[in-house]
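I opened this entry to keep track of what I looked up. My notes follow the display.

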Amino acid sequence: MLFELLTGAIFVGGTIALMLASYLLMRWFTGSEADVHEKDLASSVIFRISALHGLILALVIRMVTPDRRLL
């Protein structure tokens, strides 16, 4: 039990370290300033992804509770 917990923690920590290293490397290559076009695009993409997640969540809840009176 302890070995699996330790292995999972190391895996998660390694994944986080790899993600941060790649993020910082790309920031170093491209520079730290983002122009207005990139910020507008990023906010639009975030809005669309959040709307899609909301729709998927609504469909999952609808499939789990088929009785409409519960909603």
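I looked up burial first: of the 71 residues of the chain, 0% count as buried (buried means under 20% relative accessible area, exposed over 50%, partly exposed in between, with a 1.4 Å probe and protein chains only). The model is predicted, with local features needing pLDDT of at least 70 and side-chain atom pairs pLDDT 80 or more, while totals for chains, interfaces and linings use all residues. Residues are numbered from 1 along each chain as its sequence is written, and side-chain values use heavy atoms, without hydrogens and water.

Next I checked the secondary structure. I found two helices and zero strands in the chain (DSSP runs numbered from the N terminus: helices are H or I of at least four residues, strands E of at least two).

Then I noted the dimensions. The C-alpha atoms fill a box of roughly 55 × 50 × 10 Å along the principal axes. The radius of gyration is 20 Å, whereas a compact globule of 71 residues would have one near 11 Å (taken over C-alpha atoms; the globule rule is 2.2 Å times the number of residues to the power 0.38).

Why is isoleucine 16 counted as partly exposed? Isoleucine 16 counts so because its relative accessibility is 45%. Alanine 17 lies in helix H1 too, and alanine 17 counts as partly exposed because its relative accessibility is 45%. From alanine 17 to glycine 31 I noted 14 residues in sequence and 20 Å in space, C-alpha to C-alpha.
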